[in-house]
Structures are given as structure tokens and as C-alpha cells.
Amino acid sequence: MSSGRGLILITLICATAMVASARFLVHQEGATTGMSRYVYLVVDLPANTILLALTGTVAFFSLLMPTRFALRLSALSLPGSSAPLIAIFTLALAAVGASEVYQGHAFSMDEWMTRLQGSLFLNGQIAGEIPWDMRPYARAIFHPFTALNESAGTFASDYRPGMSAIYALFEVAGIGIYSSAAMMAGSVWMTALVARRIWPDIGEAPVIAALLVATSQQALAASLTTYAMSAHLCFNMLWLWLFLGNRWYLHLLAALVGVATASLHQIHVHAFFAAPFFLLLLRPLRLDLIALYGGIYLVGHFAVYSWDQISLGSTAQTLAGGERSLLQRFLRLLDLPDRDALATSAANLIRLFTWQSLAIPPLLLMLFWRRSWAPLMAAMAGSILFSLLPYPFLMADQGHGWGYRYMHGLIGPLAILAVSGWITLRDEGHAIRANFQAFVMASLVASALIMIPLRAYQINGLVGPYAKGTTMVQSIDADVVIIDSYEIYYGWDFGQNDPLFAEPPIIMQLDDLDLEKIRQICAAHRTVLIGADDVEPLGVPVIGSGLANEPYATAQMREAINGPDCRR
């Protein structure tokens with residue numbers, strides 16, 4: 001058996017091991033919690049079964065394919081000028097998906113924070129102001145991801161403002177929901193440019209890079225959202241393209257892009273991505289560039305980290321538990337992750353690969369098989385591995401998300417490593433590469449024609465009910481709508497209040513109120529309670545009442561809202 005056929009079998013074995021491991025980690029080890037676990041059960045595990053069957057089918061036909069036919073297929077050349085067309089097609093596909101598959105909805109509160117802060121920016125505000133009569137209920141109005149200054153009655157997103165600024169820029173033209181689609185197209189194009197910069201004499205390298213990103217299920221899924229993840233990927237690849245240009249003015253621009261990337265969402269994400277590439281400045285030693293990056297990053301990251309004080313002032317209070325300081329985060333790194341955190345991290349790492357193009361795993365295997373690691377490819381791998389380090393300690397699970405979204409910005413380096421595997425494959429003899437290259441090309445086609453439509457169907461099935469429920473809640477003719485999150489699974493996600501408070505109703509959460517506040521609200525405002533019976537017909541998962549963690553007073557609050565003394 002040729003080495004090519006052997007690698008096909010190894011790819012199939014690895015796929016089987018990943019799918020089996022994911023099932024074991026989730027069902028036997030209890031990996032992942034909350035919405036992350038729910039998505040794993042209803043989206044990831046069913047899709048993994050289909051992915052494995054698809055990989056096996058492609059492998060079967062590739063192994064049985066006559067060598068003569070495989071040689072003809074592997075001899076097909078990819079036009080080097082097609083990368084921009086792939087980016088344009090990806091933009092169109094993502095834009096359609098954002099409106100039709102995702103229904104223009106903010107599925108998670110992370111996504112809603114982008115829109116909340118973006119709306120404030122569009123209104124010329126850094127922070128919003130809560131109406132006087134609603135300030136006693138501020139904690140019930142805003143999700144924990146919203147930072148509050150209760151003494152001043154102001155609020156803002158608890159995330160860095162970069163993605164919100166991008167959203168606001170697009171929303172000037174009324175196309176904010178397509179901001180990530182544009183970032184996705186930029187990611188495809190920038191990854192192709194990075195590949196061209198690394199392999200200027202290999203015309204198909206940028207095309208393969210573009211195809212690998214464009215057929216990434218995770219990248220396309222994120223492009224439907226207003227998460228900062230697509231922007232992270234685009235900015236990371238822009239940074240890498242500038243960095244590899246190796247001109248002082250390009251390094252200056254790269255440093256500025258790095259600061260902008262740190263402002264998108266969480267400040268640490270870009271630092272972990274970029275750190276391994278800075279090692280390339282040590283041989284030969286480039287003190288001038290080290291000083292340039294060090295100075296700009298020090299000042300820029302300090303400014304980004306000061307966003308909390310800029311937006312709300314030094315008296316800001318967060319509802320997320322207040323773990324804001326670098327010292328607190330660093331001290332958490334000293335605590336070793338427990339078994340649950342390790343199992344969850346492993347399950348999420350499997351997600352990273354099962355949500356990519358089916359062509360990436362075999363190309364990575366080719367790279368590892370030949371051990372052809374140039375320093376730049378070692379830096380690419382180091383960037384991925386280094387970026388994984390903090391999550392078992394700090395945030396083992398991701399909550400909402402498609403694929404492993406914490407590692408989204410690393411899809412570009414993953415694709416570049418796979419391109420290196422493709423180039424390694426080109427240099428092999430015909431007998432080794434023919435069937436294996438046919439397997440890789442068939443995997444690309446299978447990703448585009450089967451896995452991507454499957455993911456669209458799954459995402460729409462999960463997001464659709466919440467989109468309908470949110471629309472229903474926001475259209476109720478009342479002053480106040482109270483969501484019973486004790487009964488509705490992730491009922492918090494319905495609390496997408498207008499940050500300008502221009503139109504009623506104001507949406508509150510029952511679990512952040514008490515009986516006395518309920519009576520005050522009922523006395524002054526037309527009030528409606530939304531529970532499991534209201535949203536279950538829409539397909540929203542419900543928990544039911546009477547849970548052990550449900551306070552005894554909850555039943556009294558429900559009775560008060562539904563009683564004769566509450567205005568309805």
C-alpha cells in the first residue's frame with residue numbers, strides 16, 4: 001500500500017477517534033455545561049456522526065480509485081487569480097446566511113452586547129442612561145455582560161469596544177448584521193495574501209488557503225453573527241501579512257493593527273496569537289522592531305484596558321462577578337484545572353477540528369508525516385498551541401458558540417499549516433500523492449456541498465425559536481415584560497432591551513427581582529409575565545418550575561404579577 005493510501009486510512013482512524021472521544025467526554029465525563037453542552041448534544045454530536053460517515057465514504061472511493069484516474073485528478077491546476085472571487089462568493093454566502101439562516105438575530109448576550117454598544121456609539125454616546133423610574137430594577141433589566149454604574153444610572157457593554165465600533169460603522173448604512181460577513185470575506189482574502197507572501201512562486205497556494213477558510217464550517221457560522229470572532233480572524237491575518245512584509249513601516253502598521261485587535265473583545269486574545277511570531281525577531285536579533293512593538297503595544301494595550309474607566313468611570317460595577325483585574329486573572333492561572341475543566345477543554349478542542357474544512361486534517365497529517373517544519377511554520381503551530389494555554393485555567397467552557405469560538409482567530413494559521421501540507425504533498429512522487437490528493441480535493445467538495453448546508457440547517461433550527469421568542473417579547477403591548485428564567489432555558493437571552501429606551505416594553509428577569517419590587521412595578525406599569533407556556537410552542541427549550549434552586553418566593557412573585565392588583 002502506498003504512503004498516500006496509508007495516510008487516508010490514518011485520517012479515517014483519527015476522525016473516528018475524535019468522534020468517539022467527543023461522545024465519551026460529553027456523556028461519560030460530563031464535559032461542557034449550560035448552552036455549550038446543549039449545543040454539543042443537539043448540534044455537534046449528530047453532525048459528528050454525519051462527518052464520520054462522510055469522511056469514510058470519501059476515503060472508500062479515494063482508496064478504490066484507479067491510480068490512473070487519481071493521477072488525472074491530482075494534475076488539475078487551480079488558477080492563482082481565483083482567491084478574490086472566492087472571497088466575494090464567501091461574502092455573498094455569509095450575507096444571505098446572516099439574514100436567512102440567523103434571521104438577523106443576536107442569539108447570545110455576547111452578540112447583543114456588540115449591538116447595544118454599537119447603538120450607543122451611533123447615538124453619540126459612550127454609555128447609556130437608565131430612566132429614573134427604572135434604576136431600582138437595573139440588575140433585572142441588564143444581563144451580567146453589561147457593566148453598570150448604579151450610582152450614576154449609566155451602563156455600557158462589559159466588553160472592549162472595537163467590534164461595537166465596526167458594527168456601528170456598518171449600521172450607519174443599516175447593514176450592521178452583515179459586519180461579520182464582511183470580516184469573513186476579509187479573512188479569506190487576507191489568508192490568501194499571507195499564503196502568497198510565504199510562497200510567492202506557488203500560484204495555487206493562496207487559492208488553497210482561501211478555499212480552506214471559505215469552507216470552514218466554524219468561520220462561516222461566525223460570519224452570521226455579531227460576535228467579535230470574525231473580526232479577530234480578519235485582523236489577525238492582516239497583522240500577519242504586515243508582519244511578514246518585513247518593512248519598518250509595515251511593522252508600524254502591524255503594531256497599530258495589533259492594538260486595534262486587542263480592542264475587539266478580550267484583550268488577551270491577540271497577545272497569545274502574536275507572541276510566537278515575535279520569537280522570529282530574535283534570530284537575527286531585531287532590537288529596533290522589538291522596541292517598536294513593545295512601545296506601541298504597551299501604550300495601546302494600556303489604553304484598551306482603560307476602557308472600563310472611560311466608559312463608566314472608576315466607580316463602575318459589573319454584574320459578572322467583578323473579575324476585571326489582570327492580577328486576579330493571573331492568580332487564577334496558578335490554580336491547576338480540575339478534571340471537568342480538562343475534559344471540557346478536550347471536547348472543545350475536538351470542536352475546533354470537526355467544524356473546519358474536511359480537507360484540513362489530512363493536510364495537517366501530511367505535514368506531520370514529513371516533519372517539514374520551517375521556522376515560520378513552527379511559529380504558526382506555536383501560535384495555536386500558545387493560544388490554547390489560558391482556557392483550561394480561566395474559561396474552560398465557552399457558553400454559546402459554533403465550533404470552538406475562543407480559538408476562532410487561529411483558523412488562519414491552521415489553514416496556512418494545511419497549505420504547507422499541500423505543498424509538501426506536491427513534492428511527493430505520483431504514487432504517494434495521487435489517491436491522497438484526490439481524497440483532499442473530494443473532502444473540500446464534501447465540506448462545501450454537504451457539511452456547510454448541514455450546519456446552516458442545524459443553526460437555523462437552534463436560533464430560529466429564540467429569534468421568534470425575542471420578536472414576540474419585544475412586540476408585546478406593555479410597559480414591562482418580565483421573563484421567567486426559572487422556567488425558560490436561557491431566558492436571559494430574551495432581555496434584548498433598547499439601549500436608548502425609545503420604545504416599550506422594558507424587559508426584566510424574574511430571578512433578579514423580589515416580591516416588593518414586583519409590587520412596585522405592578523402598581524406603576526402595565527406588566528406581563530412570559531413563562532414556559534408562552535415560548536414552548538415556538539420551539540424554545542424550557543426547564544419547568546419547581547426546581548431545587550428556585551426560591552420559595554418565586555411562586556409568590558408569579559402570583560403577584562398574574563393577580564388582580566397588577567396592571568396588565
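This is a predicted model: local features need pLDDT of at least 70, side-chain atom pairs count only at pLDDT 80 or more; totals for chains, interfaces and linings use all residues.
Residues are numbered from 1 along each chain as its sequence is written, and side-chain values use heavy atoms, leaving out hydrogens and water.

Stay with Ile-290, in helix H14 (residues 287–305). Helices (H or I, at least four residues) and strands (E, at least two) are DSSP runs numbered from the N terminus. Ile-290 counts as partly exposed because its relative accessible area is 34%; buried means under 20%, exposed over 50%, and partly exposed in between (1.4 Å probe, protein chains only).

Next, turn to the salt bridges, of which the structure holds nine. Each is a side-chain nitrogen of Lys or Arg within 4 Å of a carboxyl oxygen of Asp or Glu. Pick Asp-44 and Arg-351, whose closest N and O atoms are 3.3 Å apart. This pair links distant parts of the chain, 307 residues apart, with Asp-44 in helix H2 (residues 34–64) and Arg-351 in helix H17 (residues 339–354). Asp-44 is buried at 1% relative accessible area, and Arg-351 is buried at 1%.

Now select Asp-484 and Arg-558, whose side chains meet in a salt bridge at 2.4 Å, N to O. Here too distant parts of the chain are linked: Asp-484 sits in the loop between S5 and S6, and Arg-558 in helix H25 (residues 553–562), 74 residues apart. Both Asp-484 and Arg-558 are buried.

For the last stop, go to Asn-497, in the loop between strand S5 (480–483) and strand S6 (506–509). Asn-497 counts as buried because its relative accessibility is 2%. A polar atom of the Asn-497 side chain lies 3.0 Å from the backbone oxygen of Ile-141, and one lies 2.6 Å from the backbone nitrogen of Ile-507. Beyond neighbours within four places in sequence, Asn-497 is in contact (heavy atoms within 4.5 Å) with residues including Trp-112 and Pro-505.

Conventions
A polar contact is a pair of N or O atoms within 3.5 Å; within protein, one must be able to donate a hydrogen and the other to accept it, and residues adjacent in sequence count only if both atoms are side-chain atoms.
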